[in-house]
Amino acid sequence: RELTVDLGERSYPIYIGQGLLDQAASYFQKHNIGNKSPLLIIADSNVAPRYLAKLEQVLQAGGYKTASAVVPAGESSKSLAMLGDLVGKALDAGLDRKSAIVALGGGVVGDLAGFVAASYMRGIKFVQVPTTILAHDSSVGGKVAVNHPQAKNIIGAFHQPEFVLYDLNTLQTLPPRDVSSGLSEVVKHGLIWDASFVDWCEANAEKLLALDPDSLGYALYKGCSVKAAVVSEDEKEMGLRAILNLGHTIGHAIEAVAGYNEMQHGEAISIGMIGSAKLGLRYGAPEEVYTKTKRVLAKCGLPVSLPKHYDVDAIMAAMMHDKKFKEGTMVFVVPTAIGKVEIKSDVSVEWMKEIVEELKLEA
Ligand code: NAD
Ligand code: ZN
């Protein structure tokens, strides 16, 4: 499968299929990535032992000079210190303005490697080879970043890749929690845009959890398509792109309280989307918005309530920290039907607190 992220001159394709890693060199050639200048492949410590040698070998067989850098797996690699190390690696390997940085991995490596590509020599080419389901989200839209101790993703840029090569075979080794966590954003793309895709996710959840390649390919294709449609209308996040934050205000607050290891991003967003659906009911959405949201997320193996030990006040405090909070009301993405959301700017703090309490009671 193939789709295009339509951004005028910065448009790029996403290729999704089995065994694409084996054909990597021909995709690089097709996209005019020259083989005179070296490439730097960045992977993390879980992905490198599985797929790095393969990718290097295929590219070298295609006439490319490659260097590689392996960073420790996990969010903490998205740091300025790591950016500095990687720029050092790029210099050592002799990367020049015509070189490309290749991100082989999940969203962490995609964001980090993308930011290296955006900043090295004021920006060089960038290719994404995603290996997680969640990375379908980060591979569309061009947001690249590292974290600062005081805030996630606060140092970054918009830097679009030349193309995205999604080899479904690499997903076979994903740990089950990462499978579910990635599906959370897939379902989110249905909930904001496409009711029939939500139905499809519900009907095919078991196959997705079993990593059936055809089902995964379709889910990633649809998820990327929705994100691409939203992003191409609003590349720099002036308006419409805000709907992609469904479930994220509550989710980020849960993540902040949980610490990043206890709760995965997609898990926190799942609980956040249940909270948003509850909010939808208060704005008059049909009951189905809530029941169906809950059903499809549960079928994907995701949590749909807040574990008992979470402190509601701590979550509220984390949410108030959020920039979207203004004088007793908050801005929220609220589902009004399955496949449809609206931005409400008058959500009261009291309502939110009641909803977080309800989320906990369901546990
Ligand atoms: P990740 O990159 O840390 O991957 C999750 C885990 O899976 C890691 O331990 C990784 O080593 C491992 N892994 C990756 N591929 C594997 C494979 N094929 N087999 C076995 N193990 C594998 O995290 P993620 O969930 O992919 O992405 C989360 C990151 O994405 C966050 O930093 C988030 O900020 C970012 N993100 C960015 C955007 C964006 O628009 N730029 C959007 C969403 C998320
Ligand atoms: Zn997210």
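Before anything else, I noted the cut-off for burial: a residue is buried if 20 or more other C-beta atoms lie within 10 Å of its own. I also reminded myself that this is a predicted model.

**Strand β9**

I started with β9, residues 163-167, and asked how many of its residues are buried. Five of the five pass the cut-off, so the strand is largely enclosed by the rest of the structure. Then I checked the two faces. In a regular strand the side chains alternate between the two faces of the sheet. For β9, I found Phe163, Leu165 and Asp167 on one side, with Val164 and Tyr166 on the other, and both faces are covered.

Next I looked up the partners. β2 runs parallel to β9, and four bridges join them. In that pairing I found tyrosine 15 bridged to leucine 165 in β9. β6 also pairs with β9 in the parallel sense, over two bridges. There, glutamine 128 has valine 164 of β9 as its bridge partner.

**Strand β5**

From β6 I moved on to β5, residues 100-105. Six bridges join β5 to β6 (residues 125-130), and the two run parallel. I picked out valine 102, whose bridge partner in β6 is valine 127. I then looked for a pairing with β3, residues 39-44, and found five bridges, again in the parallel sense. Leucine 40 stands opposite isoleucine 101 in β5.

Is β5 buried or exposed? Six of its six residues are buried, so I put β5 down as largely enclosed by the rest of the structure.

**Whole chain**

I stepped back to look at the overall fold. I have 13 helices and twelve strands in the protein chain. Its radius of gyration is 20 Å, close to the 21 Å that the globule rule gives for 363 residues, so the chain is as compact as a globular protein of that length. The C-alpha trace spans about 60 × 40 × 40 Å along its principal axes.

Buried residues make up 50% of the 363. I also looked at how far apart in sequence the contacting residues are. Among contacts with a separation of 6 or more, 75% are between residues 24 or more positions apart.

**Two domains**

The domain assignment gives me domain 1 (2-173) and domain 2 (176-361). Their C-alpha centres lie 27 Å apart. Where they touch, I have 21 residues of domain 1 in contact with 24 residues of domain 2.

Which elements give two or more residues to the domain 1 side? I get β1 (2-5), β2 (12-17) and α5 (135-138). β2 gives the largest share of that side, three residues. By class, I noted twelve nonpolar, six polar and three charged residues there.

**Around ligand 1**

I went through the 30 residues around ligand 1. The ones that come nearest are Asn46, Gly106, Gly107, Val108 and Ser138. α4 (107-119), α5 and α6 (176-193) are the elements that give two or more residues to this shell. The largest share, four residues, comes from α4.

Where does the shell draw its residues from, in terms of domains? At least three come from each of domain 1 and domain 2. By class, the shell divides into eight nonpolar, 14 polar and eight charged residues.

**Alanine 48**

I checked alanine 48, which sits in helix α2 (residues 48-61). I have it down as buried because it has 21 C-beta neighbours inside 10 Å. Leaving aside neighbours within four places in sequence, I found alanine 48 in contact with Ala43 and Val70. Serine 68 is 20 residues away from alanine 48 in sequence, and their C-alpha atoms are 9.3 Å apart in space.

**Positive phi in two loops**

Last, I looked at backbone angles. Asparagine 32 is not a glycine, yet its phi is positive at about 55 degrees. I placed asparagine 32 in the loop between α1 (24-30) and β3. It is exposed, with 9 other C-beta atoms within 10 Å.

Is arginine 122 buried or exposed? I count 7 other C-beta atoms within 10 Å, so arginine 122 goes down as exposed.

Methods: Residues are numbered from 1 along each chain as its sequence is written. Chains are lettered from A and ligands numbered from 1 in the order in which they are written. This is a predicted model: local features need pLDDT of at least 70, side-chain atom pairs count only at pLDDT 80 or more; totals for chains, interfaces and linings use all residues. The radius of gyration is taken over C-alpha atoms; the globule rule is 2.2 Å times the number of residues to the power 0.38. A residue is buried if 20 or more other C-beta atoms lie within 10 Å of its own, exposed if 12 or fewer, and partly exposed in between; C-beta atoms are placed from the backbone. Two residues are in contact if their C-beta atoms, placed from the backbone, lie within 7 Å. Domain bounds come from an automatic or database domain assignment. Ala, Val, Leu, Ile, Met, Phe, Trp, Tyr, Cys and Pro count as nonpolar, Asp, Glu, Lys and Arg as charged, and the others, Gly among them, as polar. A residue is near a molecule or strand if its C-beta atom, placed from the backbone, lies within 6 Å of it. Two strands pair if DSSP finds at least two bridges between them.
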